[in-house]
Amino acid sequence: MGIVAGLDSSSGFTRIVVCDTETGAVLRQGYAPHPVEPKATEVDPQAWLLSLGEAASGGLLEGVQAIGVSAQQHGLVPLDRQGALVRPALVGNDKRAQVAAADLVEAFGGRQAWAEAVGCVPQAAQPVAKLRWLARTEPEAAARVAVVMQPHDWLVWQLLGRPVRRTTDRGAASGTGYWSAGTGAYRPDLVELALGHQAALPEVLGPAEAAGVTPEGLLISAGTGETMAAALGLGLGTGDAVVSLGASGSVMAVHHEALADPRGMITAFADAAGMHLPVVHTSNAVRALRGTAEMLGLDGGLEELSALALKSTPGASGLVLLPYLEGERTPQLPHTAGTLSGLRRESMKPEHLARAAFEGMLCSLADAMDVLRGRGVEVRRVFLLGAAAELPAVQAAAPAIFGAQVVVPQPADYAALGAARQAAWALGVSQGVLSPQAPPAWQGAAAQVFEPGEELAVGRAVRQQYGATREQLHPGAFSV
């Protein structure tokens, strides 16, 4: 029996799981917060190392043979020629690069040109936009940038003792805005367009490759971004989609090829297992529920809203909420507002508004899922993630609205588990006991499973009512 570890360095903390290589059973766990402000947009990367050291204290890693690293995505770690930090790292929640992202879209010939080149259209969070922002606002610092890394790349490099070789993986690289999941290659011209000059980029490793071995003989796997690590930890495969219910929402699915979308709705991520993870984002998800709960004056928050919604019936007595409260990315309606439609005397009851909020959120995410399905992505199972996935109203309505089996995994450190699984894979390949084509077959996530059953027709009717309202108010919103 071997032992491996997976660490997840998120925006606020480090979690470590130590697992059995054969079964994936968690043997030990560690946790430590990052010593940074919760909403900091600039971070000294040493804070990540301090957190890692604290999480691994007390002999947590004793007996471990390999480590996998998952880390927050879309961070930018700019280094000079000597490998020293040029300035604090810019992390994913930094929105200052919005204008820079728009500049890049225009400078390269529009959204379609970007989608065809790298499978995504620049957003403020992405490293390519951060490089443009740096070049425009801190030109002296930008001129010193010789090496560009992301948090996961930098942590792997540090664990290996800062070798000459710097590495990343295809999953993390696919979120940069200058690496194409379709071609599997960097676009140095886009780095130069953003930064004003060339910079060294990490070597992109295959899913089962090792980044290196520490002087103590500890194998370090390629590592990956948090999204890709969580997919690996959940055990996703072809036919599986993940709906993430945060303030905003996203739908991603495992697919056999990268999808270039001329509208820019699909972000073509690569996964950590050799496949692809096309993602469609929505600007509004749980924020629509919270807003409705506040409007109804519910002290019990989302739980009370859920209970109230279940007193209504599917279709919410004709009430339809288009939940575009912060504008919307899918469909592309950045300057619109939410709409409540279908008001009649009989529908003007709190329970119908509550139901309309849940149905509006889920129908909006189903619209996003249809963007993927329309490109040939198969969806047989839908994994629901986020605290709102536990709400009875979500679990009651989601299977019929999505038209698929819905899986609600038990809360767990899936990104850290995915990093550990990757470590076990790389270790097994190095020992000649595993194939580089498939990760170890660990036990899947414990979960509740909900079937659409006889409610499929009801779900189609709810979606039809929602779609008719959307098309009436925003005609052609999904047209190319």
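**A working chat on helices, strands and salt bridges**

Student: Where is the place of alanine 426?

Tutor: Alanine 426 sits in helix H14, which spans residues 414–430. Please keep in mind that this is a predicted model.

Student: Is alanine 426 buried or exposed?

Tutor: Alanine 426 counts as buried, because its relative accessibility is 3%.

Student: Which residues does alanine 426 touch, not counting residues up to four places away in sequence?

Tutor: Leaving out residues up to four places away in sequence, alanine 426 touches Ala208, Glu209, Leu219 and Ser221.

Student: And what separates the C-alpha atoms of alanine 426 and glycine 386?

Tutor: Those C-alpha atoms are separated by 30 Å, and the two residues, alanine 426 and glycine 386, are 40 residues apart along the chain.

Student: Which residues are on which side of E1?

Tutor: Ile3, Ala5, Leu7 and Ser9 are on one side, while Val4, Gly6 and Asp8 are on the other; all are buried, and both faces are covered. In general, side chains in a regular strand alternate between the two faces of the sheet.

Student: How many bridges join E1 to E2, and do they run parallel or antiparallel?

Tutor: E1 is joined to strand E2 (residues 13–20) by seven bridges, and the two strands run antiparallel. They form a hairpin with three residues between them. Within this pairing, valine 4 stands opposite cysteine 19 of E2.

Student: What about E5: how many bridges join E1 to that strand?

Tutor: Six bridges join E1 to strand E5 (residues 66–71), and this pair runs parallel. Alanine 5 has isoleucine 67 of E5 as its bridge partner.

Student: On to charges. How many salt bridges does a search of the whole structure find?

Tutor: The search finds 18 salt bridges. One of them joins the side chains of arginine 87 and glutamate 42, at 2.9 Å from N to O.

Student: Which parts does the pair of arginine 87 and glutamate 42 tie together?

Tutor: Arginine 87 belongs to the loop between strand E6 (77–79) and strand E7 (89–90), and glutamate 42 to strand E4 (residues 42–43), so the pair ties together parts that are 45 residues apart in sequence. Arginine 87 is buried, with a relative accessible area of 9%, whereas glutamate 42 counts as partly exposed at 30% relative accessibility.

Student: Which side chain meets that of arginine 381 in a salt bridge?

Tutor: The side chain of aspartate 240 does, with an N to O distance of 2.8 Å. This pair links distant parts of the chain, 141 residues apart: arginine 381 is in strand E22 (residues 379–385) and aspartate 240 in strand E16 (residues 239–245). Arginine 381 is partly exposed, with a relative accessible area of 30%, while aspartate 240 counts as buried at 4% relative accessibility.

Student: And what does arginine 463 form a salt bridge with?

Tutor: Arginine 463 pairs with aspartate 367, their closest N and O atoms being 2.9 Å apart. Arginine 463 lies in helix H15 (residues 456–473) and aspartate 367 in helix H12, so the pair ties together parts that are 96 residues apart in sequence. Both arginine 463 and aspartate 367 are buried. Salt bridges that share partners join Asp367, Asp370, Arg373, Arg463, Arg470 and Glu471 into one network.

Student: Now a loop residue: where is threonine 330, and is it buried or exposed?

Tutor: Threonine 330 is in the loop between strand E20 (320–322) and E21. Threonine 330 counts as buried, because its relative accessibility is 1%.

Student: Which backbone oxygen lies 2.6 Å from a polar atom of its side chain, threonine 330?

Tutor: The backbone oxygen of histidine 281 lies 2.6 Å from a polar atom of the threonine 330 side chain. Not counting residues up to four places away in sequence, threonine 330 touches several residues, including Met265, His281, Ser364 and Phe478.

Student: Lastly, which residues form a nonpolar patch on the surface?

Tutor: Leu340, Leu343 and Met348 form it, with about 290 Å² of accessible area together. Methionine 348 is in the loop between strand E21 (339–341) and helix H12 (350–373), and methionine 348 counts as exposed at 53% relative accessibility.

Methods: Residues are numbered from 1 along each chain as its sequence is written. This is a predicted model: local features need pLDDT of at least 70, side-chain atom pairs count only at pLDDT 80 or more; totals for chains, interfaces and linings use all residues. Side-chain values use heavy atoms; hydrogens and water are left out. Patches are made of residues with over 30% relative accessible area and no salt bridge: like charges are joined within 9 Å, nonpolar side chains (Val, Leu, Ile, Met, Phe, Trp, Tyr) within 5 Å. Accessible areas come from the Shrake-Rupley method with a 1.4 Å probe; for residues, only the protein chains shown count as cover. A salt bridge is a side-chain nitrogen of Lys or Arg within 4 Å of a carboxyl oxygen of Asp or Glu. Helices (H or I, at least four residues) and strands (E, at least two) are DSSP runs, numbered from the N terminus. Buried means under 20% relative accessible area, exposed over 50%, partly exposed in between (1.4 Å probe, protein chains only). A polar contact is a pair of N or O atoms within 3.5 Å; within protein, one must be able to donate a hydrogen and the other to accept it, and residues adjacent in sequence count only if both atoms are side-chain atoms. Contact means heavy atoms within 4.5 Å. Two strands pair if DSSP finds at least two bridges between them.
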